[in-house]
Each structure stands twice: as C-alpha cells, then as structure tokens.
Amino acid sequence: MKETDTICAPATAIGGALSIIRVSGLTALQTVGAVGTVACQEAEANTVHYGHIKDGGRIVDEVMISVFRSPRSYTGEDSVEITCHGSRYILKKVLELLIQHGCRMAEPGEFTLRAYLNGKMDLSQAEAVADLIASTNGATHRMAMNQLRGGISTELSRLREKLLKLTSLLELELDFSDHEDLEFADRSELSNLAATLLTHVGKLADSFETGEAIKHGIPVAIAGKTNVGKSTLLNRLLGDDRAIVSDIHGTTRDTIEDTIDLHGVTFRFIDTAGLRMTDDEVERIGIARTWQAIEKARIVIWLTDAEPTEEEAAEMASRCKGKRLLAVRNKIDLEGGEQEKDTPTPPSLRISAKQNLHIEELKEAIYEAAGLPELQESDVIVSSARHYALLASAHDDLERVLGALEEGLPGDLVAEDLRIALDKLSEITGGAITTDEVLGNIFKNFCVGK
C-alpha cells in the first residue's frame, strides 16, 4: 500500500440503479479528466458536473462527477466521485479506464485509512465508520454516530488532560526533589485526582457490556421441557413460521436462532431442544446444546405449561446464575379459568403462544430484563473490544497509581504507571500507534470503497 498512489473503488453496493466510484490521490483530478468530458482540474471544489465517460471516441455512460479538493474531502486528498448507472458492465469498464490511466484498486478501508493518516478523523472515529455501515437498528446507529462525531474522543481528551495534570505535578516533584521546601501538590490531592480518573475510566470500561450487547444483539434462550410450546413461542415472537411445530416430543433437535428488534435494540432468540431424559443420541446432543445456549444467553425464558417442581426450579436457577431468568407459563388458554391469586408468576408472564395472548406484554418484560439504560445520542458507550482492552488495562495501571500514592511510594514509580496509562488511552484514538500491522488489523474488515 503506497500513500502516494491514486486509488479507485466502487463506493456503493453492486446491482442498484446507480453506482458511485470514488477516486482519491495526487492525480485524481487529472485521471478522471482524462477518461471523461469534465475538466476536473479546472473545476471548483465541492461542485457537481454533468458529463460522459469515454473509451476513445465511444461513450461508455452519462455520469455526474463530484469534485473535491484537498484538504476539504473525505480523505483529505483531491478526490472525485463518479455517479454512473448501476450496470455491472459500466462499472467494470469505468474502473478499467481509470486503472489504465494510472489508478489502482483501493484495498479494504483504504479511503478511511487515508482520512485517518491525513488528520481528518482519529482512529476511534475511523472505526465508527465501519460500525455505522454495519448498524442494523436505532441503538447501534446512535452508538456509531456518537463515536463518529467524536464522543469517545472528547471523553478521552478530558481524561488525558487530567492525567497530564497529575503526571506534570509528579514530574515537577521529581525535578525539584532536592528542594524539600517546595510542594506542588500534597499526596491527598494527587490521590483524589487519581481516584476520580479511576472512576471515569472504570465507567467507560463497564459500558462495554452494554455496547457489546447492543452491537451484536442480546441473546435470549427459550428453554423448557419438550412440547411446552417453545417453537410456537419463537414463531409468535418472530411473526414467522421459523421453527417446526409438532405435538411429537423431541421435534427440535438443535438450536434455532433468529432476531427481532424491540425498541430499537436487536434481540437474538434461540429455540432449544426440549429438556428431558432420552435414549436418542441425536436428541441428547441437542439437549447438551440447550445447556450451552443457556450458558451463553443474557436472558433465559423458562417456558412451562404446568407448575414446575422444586427440584426443577432449583436446577434452572442454578444453571442461570448471573442471568435474567423469566419464568413463563404457556397454554393458559387450556386452563379454563383466570389465574389463581397465589400463583407465583405475574399475569404478564402467563401466555398462550398459540392464541397470541400476552405476547406483547412478554416482549416488554424481555426488553426490561435486558437492563439497558435509556441511551441518548450524547451517551458514550464503548462497543469495540480493542477499546475495552485498552481501557481495562489503563484501569489496572491507575489502580496501581492510586495504591502507590496512598502507600507513599516514590514519585518516579508512580509517574511510570501514569505514562503507561496515558499511552493506552492515546492508542484508542491513534496517538500512540506506530506500526502498520496494528493499523492493518483495524482496517482489514472494512468494505472496499470505504
């Protein structure tokens, strides 16, 4: 990858009515001018022009050409976007002409990488571009937009300023250690500042659990004995006949998974094999996978059609430690009466999947069980595993700093841990990254053209 190359790639999915081809680099204006009828080198910045792409004397397509000049472009370089018709042939032909005139095809994420290298965005914002493209609901879109607008960057900038203040005070103590009468800050003030930083970094790191759940969907396992209506409930929740429904016990032999959105958040529902004793080897494998699904779930819907025994309740509670367990009674349409007042489960968790009774109430209970905070676009939520790892490590460093200050250890030891924590926070936004390998790992999963 050479940063001096002029690169090109489709910036839209192939197969639509229109396609956009993005060109960026030192010779972008000249190259597009050479293959089309628009004199891009003479065009004003941020203007759109009607023209043609030509192959010799033959017109390939009618196009709209948008001209952007450095540094006011996505990449910070001279850039052109060619809007042509969505024909695969036209797209292929325009790209061939651009390559013939000196372009090369862009690698995945190379446009955004150049934007980062040219100072158009920091690394956390660059990563948010991929998250924004991949967003599938309101919550993931809000998280990505907040990060793209610099939400995490701003929060980290505030933390770094406080860290730098703490580091500067310690460095001054070291520089003037021979002057016992000089005191730049007492240890209690330094400890209070370190404790505040530790709390803020910990809060950011703790938000990763919520961010990860929102980004990848909250896993919900539907568990219970055979023939209690798990597959019927899955179909009812999804609004589709996703799972096979039968009165025969043991129909579901494996986990079946699909998703729905509740209040803008994706929930991944997993229908599992019925729990029972069986000699069928395939069914036993399915039951083992049921327990595995429960282990990975954040919420477990324990579906029954009769009052469970104390032993069954104890086993399910034991299996679901650390998770939200919703005990749901199904088939209330067959009970022939109203709910008894001493029934331990509330009315909202007594349903009939077959008759669609109380399903909406169950959905609300599932959403509430997720325990998600009410997110605003201004909320800073960490959703990147890379960011979380760096924040968690910086949190450990700050814990050592606080402990060292409280124990009265020498300032040089404290300052070293502070510098390490600063470097880790800087690496989130790209300030401390120096190797191409790290950048390559970050951008390798971007789509071509972005």
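What percentage of the residues in the protein chain is buried? In this predicted model, buried residues account for 47% of the 450 residues in the protein chain. The secondary structure of the chain comprises 14 helices and 11 strands. The accessible surface amounts to about 22,700 Å², and carbon and sulfur atoms contribute 50% of this area. Of the contacts between residues at least 6 apart in sequence, 65% link residues at least 24 apart.

An open sheet is built from 6 strands, arranged in the order β3-β4-β5-β2-β1-β6 with mixed pairing. The edge positions are taken by β3 (47–55) and β6 (104–105); each has a single partner strand, so one side of each lacks a neighbour in the sheet. Strands of a sheet pair through backbone hydrogen bonds, in either a parallel or an antiparallel manner. Within this sheet, strand β2 (residues 18–24) and strand β5 (residues 79–85) run antiparallel and are joined by 7 bridges. Arg22 is placed opposite Glu81 of β5.

Helix α1, formed by residues 28–35, lies across β2, β3, β4 (58–68) and β5, and its direction is at about 30° to β5. Helix α2, formed by residues 88–100, also packs on the sheet, where it touches β1 (7–10), β2, β3, β4, β5 and β6. The direction of helix α2 makes an angle of about 70° with that of β4.

Definitions and conventions:
Residues numbered from 1 in each chain as written. Predicted model: local features only at pLDDT ≥ 70, side-chain atom pairs only at ≥ 80, totals over all residues. Heavy atoms only, no water. Helix = DSSP H or I, 4+ residues; strand = E, 2+ residues; numbered from the N terminus. Buried < 20%, exposed > 50% of the residue type's maximum accessible area, 1.4 Å probe, protein only. Contact = heavy atoms within 4.5 Å. Areas by Shrake-Rupley, 256 points an atom, 1.4 Å probe, with all protein chains shown as cover. Pairing = 2+ DSSP bridges. Axes fitted to C-alpha atoms, helices over the stretch in contact; angles between N-to-C directions.
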